[in-house]
Amino acid sequence: MIRNRENVKVLLWNESFSELYTTDDNVEFRLNKVCVSAFNHELCHLCINQVFGGVFPDLYIRMPYELKEFLPRDCVQHISNCIEHKLFYNLYLEIGGMKDRFIVDYELVKGNNFHKKVTKLNLNNLHLYLGNLYSIIGDCNDRIDYKRVLTDYRKLNPKIFDSCNLLLEEIKSLGINEPAEEFIITDEGIIINKTIGSLSESFWTVVFDEFNN
Ligand SMILES: [Zn+2]
């Protein structure tokens, strides 16, 4: 939570991407170039953090223990990121962000190869499936047509595919104008948004059940 200006830092770093780094008390905008769009993008992540407590903690904490071995933290972080992008894209444009600077690989066609190489979904390629699928359904570049590719992704596992879309749509429908009403603080001190927490739980139940029979 931002309490005063000493808690907020903006720095330029040598990575090829920008990111928002937050701890309990501090926020760092780590930008790869001086660019209003890059700053606005991270500002929108911060907005989601402040309104929702972010998507990641809710999604990660609700993941069944048995899946943690197969889905690394980075993968869940990526999924959360893609969901947040869909949530705040309009806000990003409203505050002056440029479309083609929304993300570094804005023009890239996402997730285009996984479905060609894989014939069956299993626990070992699940992280690639979810990662690629969320890159596609979370892509804000409306000039790229993913219809055919998505048909192939759905064929690999209709239940998980539908559940991924549902999670995205449900979180999107919460909007970012109304602050969440209910939070839970876990024993570890993590702030959980009750609504996103229960949506995440339903999502993981579908995923887990597909491999647990
Ligand atoms: Zn982002």
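Strands (E, at least two residues) and helices (H or I, at least four) are DSSP runs numbered from the N terminus, and two strands pair if DSSP finds at least two bridges between them. The model is predicted: local features need pLDDT of at least 70, side-chain atom pairs count only at pLDDT 80 or more, and totals for chains, interfaces and linings use all residues. Residues are numbered from 1 along each chain as its sequence is written.

Strand 2 and strand 3 form a hairpin with four residues between them. Their pairing is antiparallel, over four bridges, with strand 3 spanning residues 27-31. Within this pairing, Leu20 is the bridge partner of Phe29, and Tyr21 that of Glu28. Strand 1 and strand 3 run parallel and are joined by five bridges; Val8 has Val27 as its bridge partner in strand 3.

The three strands make an open sheet of mixed pairing, in the order 1-3-2. Strand 1 (8-12) and strand 2 (19-22) are the edge strands, each pairing on one side only.

Helix 8 (residues 158-174) and helix 9 (residues 194-211) have axes that come within 9 Å and cross at roughly 175 degrees, where axes are lines fitted to C-alpha atoms over the stretch in contact and angles run from 0 to 180 degrees between N-to-C directions. Helix 8 is therefore roughly antiparallel to helix 9 (angles over 145 degrees). Residues in contact have C-beta atoms, placed from the backbone, within 7 Å; among them are Ser163, Leu167 and Ile171 in helix 8 and Leu199, Phe203 and Val206 in helix 9.

Definitions and conventions
Angles under 35 degrees count as roughly parallel, over 145 as roughly antiparallel, 65 to 115 as roughly perpendicular and the rest as oblique. Two residues are in contact if their C-beta atoms, placed from the backbone, lie within 7 Å.
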